[in-house]
Amino acid sequence: MPDSIPSPPAYPIVGHAHTGVIDPVNSAQSYRILREKYGPIYQLNFYGKPFVVVTSQKLANELCDETRFHKFVSGALEQVRNGVGDGLFTAFHGEENWGIAHRILMPAFGPQQILGMFDDMLDINSQLLLKWERFGPDHPIDPSDDFTRLAFDTVSLCAMNYRVNSFYQEGLPPFVKAMAGFLLESGRRSQMPNVVQGFLRKENAQYEADMKLMVDLCDEIIAHRKSHPGEAKNDLLERMLEGKDPKTGRGLSDANIRNQLITFLIAGHETTSGLLSFTCYHLLSTPSAYTKVQTEIDAILGKEPIQLSHLPKLEYLQAVLRESIRLNAPLGMLSLTPSEDTIVGGQWEIKKGTRCGVEINGLQRDREVWGEDAEEFKPERMLDGKFEALPPNSWKPFGNGARACIGRAFAWQEALMMMATLMQKFDIRFDDPSYHLQLKQTLTTKPKDFKIHAIPRRGARPIVGPGTQSGTPASMNTEAAETTRPTEVPVGNGVPVYVYFGSNTGSCESFAQNVVSDAPAHGFKAIIGMLDSLDELSKVQYDGPMIIITASYEGQPADNAAHFVEGLQHLSAEKRPLANLRYAVFGAGNHDWAKTYQRIPTLIDTTFEQLGAERLMKRGEGDAGGGDFFGSFDKWEKELWSILSKEYKTGSVEQPTVEEVEDDFVVTVTGTARQIRLRQPDLRDGKVLENRLLTKPGVPEKRHIQFQLPEGMEYAPGDYLAILPKSPEESVRRVLQHFSLRPDMKIEIKTQTSTTLPTEEPITLHDLFTDYVELGQPLTRRVLDELMKYAPKGGADREALDALVANATTAVFDKRLSALDLVEMYPSIAIPPKKFVKLLPSMRIRQYSISSSPLAHPGQCSLTVSVLRAPAIAGHGEFLGVASNYLAHLEIGDVVCVAVRPSAAKFHLPTDLTKPIVLFCAGSGFAPMRGFIEERAEQLAAGRPVGPTVLFIGCRSPEEDLLYKDDDLKKWQEAGAVDVRPAFSKEPDASCGCKYTQDRVWNDKADIKKLYTEGARFYTCGMSGMSNACRQKCVDMIAEEMECEEDTAEKKFQEVAGERYSIDVFG
């Protein structure tokens, strides 16, 4: 007897319609969640009509068998027939007009005919390049919009000899706007009964208007051709008007011609514009591929105009396009139905006429075909015969069989030409380096809120199109690339110093800002920029030193340094291209990742030296996991200025006295408040859905906070949620009280220095201290020295302060005193408020491990947070964690600035659900583990085979702080989703005599060894002490099992850890 097909819970009558199972705005995300939860096949139900979805190559291969299945026009596609009728894409199976049109039009898309469109394609291609060149390198470009213009104008010109001239219009063509509205409404209508559609008067009126606009344009094109027969050429439109079906001898009716024109204008531009947009995104996100494709284009095209003969030689670019459309196919679903009752996969029955779908994103990510790295962008998987050797029906972006896209070759040539000429002419860069892909959907998908900068390459050829002679500039703006300095305004006067940073969380950017702010005092003028702004040798300046301050994230560069690092590694040391450059490097890292600690700063430092640059000083190191991260930078910066002043003979520049007013930082009372504008452009508004206490009174507070994520924001268990917090009200009250300031007083800041503070616009003092600056940041040597300038010249306070400074390590830094603490302790430090503000660092984002799975609540995520409230180490007041207290006080409905940030690739669940996982954690380190468990619990409940999950968790006692003990954890244990092995520090007798997580790990070592032999993956999250102790217990197990010395066991652990042991350490 056939197995039942898995299905999510449904409602009576409506089934899964309007239940949130499928989000009509972002169905791709919904189908991803269903795929991960239910596996290779599942069934949905819309108003009693079943819809079977398959996601694996093995099942898709069966559904693509045209002897068993055929295209099924239903759902959104059936609604599209309202405007397109029996066009090639929407014709019903067996509909006569489809066969007639297909036989007439197929010859128009033959290889020779496509090659003959080269000049017309290049014509429109050149219009896009000219537009981008005239915009200049600083203008943010929405590539999806311009690629839409490109594709729409190209299909209009090549297929119909009709010029839409989209690039000469302010907005998108009216047809494109009408089409987008028409497709969106068609998708909505597919999820509601016909009787409901009739009541949507406003929507129906707009729907009709959109269809009429599309029809009118096509009628205009047909009428123009008929009235100007002398202009006719053997294009697609001419074949439709004059062609005869070789089988029946019949031609196409005017109505069918119109339907075909609308079909080509929709499908012909949607596919290509999406492909090009996603390709730009993937290349920018993968610097190694970006470098390879540009190297290939330079080698094959050089500075010559693109020719037909170049196209087949662009093998790597071909692979890039294939890989891009694999990860982001324009259509999400192939709609099919069986011709007779049938069994698929040897176990599931599908009845004749049942609507079926091959989910393309699932198919083209099937790990049995594409490997464990199926989610990654790797063009190499399409090279060297690998593409041709794929199992049948693994790669289906253009449809299936006889009903596949008739214009595939057209779209492919257009995309190949566009990417080749674009990369030949421009360097492209993210407008927002922290951007992560989001989708916007109509009938097809494109990137949402994706913007780039197009920077003309130095020495690139002039733009050439049909009618323009090679070598004749098509634009006078060919010198745009000459602007090679960073875009920030130089700060100060004197010798230039170029400061570049790579930073994800803001620390290195803040350090770079310190260097810029301090430069004028040492006789330098500073220019600041991201490392990725230094993307070619021609932008290196030699009239002053280069200072690089960058982080290493588990051995990888920051988001805004990835292209710089990739390009640096491809420079040849033979010609010593940096021979006249002098430089210094400061690196940030975390010693808990010992194998990759400081990898990127070290790479930059050594590579610069190999390329001929002169190192001015030893590379500085800051350990974010150590005790004196900020102090390490202060010490390095102090030495930096000493060396630079000596090398460049600048000396110090006298600074204004305390009594003088600084011209570069003027504060005046004025105006009204403004919104947050810190440098975190990927943050968007989320909403608080729940905020509840998890712990008993008397123990450190931990909370569960549930968020509604912004539309289109996705995550996987193990990822982080970045939060932009606000200073605690108590801290804000303290600073205002100390300086005798009213919270509602409005000021306006003016400064010549680059800053994240709100300038030239009014803001209240309360908002300034709440939203923009860190009030609790521990003092650094630099800030302490600055505060001492305002200390009294003599007296008891001066003596006490001098003693404090003399013993600063233990009296200030170890106690983590803040600037606010110090001025409160010694009110005689007479620093003016404006000077105090300048000393405070910018408000930073905080990253928290997400503690949920999207399979449980799509579009939502949760955090499990320890709230930091404790007596200050200095004995002065209470220490309040900025972000945790901000989160603790949020109420339901509050809006919070959030962004999902991916964790390291290793800190995600194994793609093989049957592999066991072993989790080590303590306290709020349970957060990502909860997400892992919830994911597997949802998959288990959906009927999928799931391997064992064993949780080792440390806390005080079962009644005080074993998080989620009585609800989620209990439910998951009862379902068999997790085996909990606790360690209670206050009640070890209740946990097999084990006090800490590492003790329980050793106590249960026999089970751990067994799980290891079964292929288990291990995950650790928590404070470094617990993490290191659990790691050591694993090494001890290896030594015991192998009967070897610890050194040998350590080496064996290192071999295993690369693939099977992942850590996420904090504190």
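Predicted model: local features only at pLDDT ≥ 70, side-chain atom pairs only at ≥ 80, totals over all residues.
A salt bridge is taken here as a side-chain nitrogen of Lys or Arg within 4 Å of a carboxyl oxygen of Asp or Glu. Lys965 is classed as partly exposed because its relative accessible area is 24%, a value between the 20% and 50% limits.

Under the same rule, the count for the model comes to 67 salt bridges. One of these pairs Asp235 with Arg225, whose closest N and O atoms are 2.7 Å apart. The two residues are separated by 10 positions and link distant parts of the chain: Asp235 belongs to the loop between α10 (201-227) and α11 (236-242), whereas Arg225 is located in helix α10. Asp235 counts as buried because its relative accessibility is 4%, and Arg225 is likewise buried, at 7%.

A further salt bridge is formed by Glu774 and Arg846, with 2.5 Å between the closest N and O atoms. Here the partners lie 72 residues apart, Glu774 being placed in the loop between α23 (765-771) and α24 (781-788) and Arg846 in strand β24 (residues 846-849). With a relative accessibility of 2%, Glu774 is buried. Arg846, at 17%, also counts as buried, since the limit for this class is under 20%. Salt bridges with shared partners also connect Glu323, Arg326, Asp373, Glu376, Lys378 and Arg381 into one network.

At the level of the whole chain, the domain assignment gives domain 1 (76-456), domain 2 (495-647), domain 3 (673-846) and domain 4 (907-1065). The C-alpha centres of domain 1 and domain 3 are separated by 50 Å. Four residues from domain 1 and five residues from domain 3 take part in the contact between them.

Arg189 is a residue of helix α8 (residues 174-189). Its relative accessibility of 10% places Arg189 in the buried class. When residues up to four places away in sequence are set aside, Arg189 touches Gln79, Asn82, Gln197, Asn204 and Tyr207.

A nonpolar patch on the surface is formed by Val195, Val196 and Phe199, which together have about 320 Å² of accessible area. Val195 is part of helix α9 (residues 194-197). The relative accessible area of Val195 is 56%, and this residue is therefore exposed, the threshold for that class being over 50%.

Helix α22 (residues 729-738) contributes several buried residues, namely Ser731, Val732, Arg734, Val735 and Leu736. In an α-helix there are 3.6 residues a turn, so residues three or four places apart point the same way. The cover over the buried residues of α22 includes α23, α27 (819-825) and α28 (833-839). Just after α22, Ser740 adopts a positive phi of about 55°.

Most residues other than glycine have a negative phi. Asn393, although not a glycine, has a positive phi of about 60°. This residue is situated in the loop between α16 and α17. Gln598 is also a non-glycine residue with a positive phi, in this case of about 65°. The position of Gln598 is in the loop between β15 (582-589) and α20 (599-610). Gln598 counts as buried because its relative accessible area is 1%.

One annotated position was also examined. According to the unreviewed UniProt entry, the annotation "binding site" covers Cys405. In the model, Cys405 is found in the loop between α16 (367-370) and α17 (408-425). The relative accessibility of Cys405 is 36%, so the residue counts as partly exposed.

Terms used
Residues numbered from 1 in each chain as written. Heavy atoms only, no water. UniProt positions renumbered as here; feature names shortened; annotations may be inferred. Helix = DSSP H or I, 4+ residues; strand = E, 2+ residues; numbered from the N terminus. Buried < 20%, exposed > 50% of the residue type's maximum accessible area, 1.4 Å probe, protein only. Patch = residues over 30% accessible without salt bridge, like charges linked within 9 Å, V, L, I, M, F, W, Y side chains within 5 Å. Areas by Shrake-Rupley, 256 points an atom, 1.4 Å probe, with all protein chains shown as cover. Domains from an automatic or database assignment. Contact = heavy atoms within 4.5 Å.
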